[in-house]
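Please look over the sequence and the model shown below before reading on. The text after them is meant to be read with both in view.

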Amino acid sequence: MSSDSFVFAAGDERLYLIPTKCRISIVTIVETPDTLNGEPRIAETRIGVLDIAELVLDSGYTPADTADQLDLEVTAVYHALVYYHDHTEQMRELRRERSETEKILSQSAIQPPTHVQQSRSTLTNTSPASS
């Protein structure tokens with residue numbers, strides 16, 4: 001097999017043309033509750049399908065660049081993209097959950113907790129000259 005060959009991968013009654021380099025890699029997408037909060041990911045990694053899709057589809061990185069940056073075979077990136085497109089409702093829900101989490105974190109990060117604000121207030125009202 002030459003370095004620019006392709007392998008067909010079947011999924012949900014569709015065939016996908018996936019480039020491979022000299023060998024066929026078996027890529028498995030798994031979901032385990034104790035890793036990435038149960039989000040689908042490439043087996044034996046902590047690299048989520050949605051993370052790969054965001055890099056390729058949203059940020060414009062090529063699958064080859066994404067594979068290089070994440071230390072993956074390019075076939076793993078294509079497999080994750082196939083999974084992403086075959087599970088659109090699940091991916092949409094994960095995006096919504098992430099968006100909500102980011103919103104909550106950004107709102108809570110704007111102001112420190114009340115007890116910290118009170119401590120700062122006390123420190124600014126107490127100067128070394130007044131002691």
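Predicted model: local features only at pLDDT ≥ 70, side-chain atom pairs only at ≥ 80, totals over all residues.

Residues are numbered from 1 along each chain as its sequence is written, and side-chain values use heavy atoms, with hydrogens and water left out.

The protein chain has 5 helices and 4 strands. Helices here are DSSP runs of H or I with at least four residues, strands are runs of E with at least two, and both are numbered from the N terminus. Read from the N terminus, the order of elements is β-β-β-β-α-α-α-α-α. Of the 131 residues in the protein chain, 30% are buried. Buried means under 20% relative accessible area, exposed means over 50%, and partly exposed is in between, with a 1.4 Å probe and protein chains only. Contact means heavy atoms within 4.5 Å. Among contacts between residues at least 6 apart in sequence, 42% join residues at least 24 apart.

Helix α1 spans residues 49-58, and its buried residues are Val49, Leu50, Ile52, Ala53 and Val56. Seen down the axis of α1, these buried residues fall within an arc of 155 degrees, so they line one face of the helix. The arc is that of the directions from the helix axis to the C-beta atoms. After α1 comes Gly60, which has a positive phi near 85 degrees.

In helix α2, the buried residues are Pro63, Thr66 and Ala67. They cover an arc of only 100 degrees around the axis, so they sit on the same side of α2. The face of α2 turned away from this buried side carries the exposed residues Asp68 and Gln69. What do the buried residues of α2 pack against? They pack against α1 and α3.

Take the pairing with α1 to begin with. The axes of α1 and α2 are 9 Å apart, and the two helices pack at an angle of about 135 degrees. Axes are lines fitted to C-alpha atoms, for helices over the stretch in contact, and angles run from 0 to 180 degrees between N-to-C directions. The helices α1 and α2 are therefore oblique to each other. Angles under 35 degrees count as roughly parallel, over 145 as roughly antiparallel, 65 to 115 as roughly perpendicular, and the rest as oblique. The crossing of α1 and α2 is right-handed. A crossing is right-handed if the near helix is turned clockwise from the far one by less than a right angle, and left-handed if anticlockwise. On the α1 side Ile52, Leu55 and Val56 take part, and they meet Pro63, Thr66 and Leu70 in α2.

Next is the pairing with α3. Helix α2 (residues 63-70) and helix α3 (residues 74-86) have axes that come within 8 Å and cross at roughly 115 degrees. These two helices are therefore roughly perpendicular to each other. The contact involves Pro63, Ala64, Thr66 and Ala67 of α2, together with Val74, Val77, Tyr78 and Leu81 of α3. Here too, α2 passes α3 in a right-handed crossing.

Asp71 lies in the loop between α2 and α3. Its phi is positive, about 55 degrees, although Asp71 is not a glycine. Is Asp71 buried or exposed? Asp71 counts as exposed because its relative accessibility is 72%. Leu36 also has a positive phi, near 55 degrees, in a residue other than glycine. Leu36 is found in the loop between β3 and β4.

The loop between β3 (29-30) and β4 (41-42) is also the place of Glu39. Glu39 counts as buried because its relative accessibility is 13%. Not counting residues up to four places away in sequence, Glu39 touches Val30, Glu31, Leu94 and Arg98. The side chains of Glu39 and Arg98 are joined by a polar contact of 2.7 Å. A polar contact is a pair of N or O atoms within 3.5 Å; within protein, one must be able to donate a hydrogen and the other to accept it, and residues adjacent in sequence count only if both atoms are side-chain atoms.

At 27% relative accessibility, His79 counts as partly exposed. Leaving aside neighbours within four places in sequence, His79 is in contact with Val27 and Ile29. His79 and Val27 are 52 residues apart along the chain, and their C-alpha atoms are separated by 6.8 Å.
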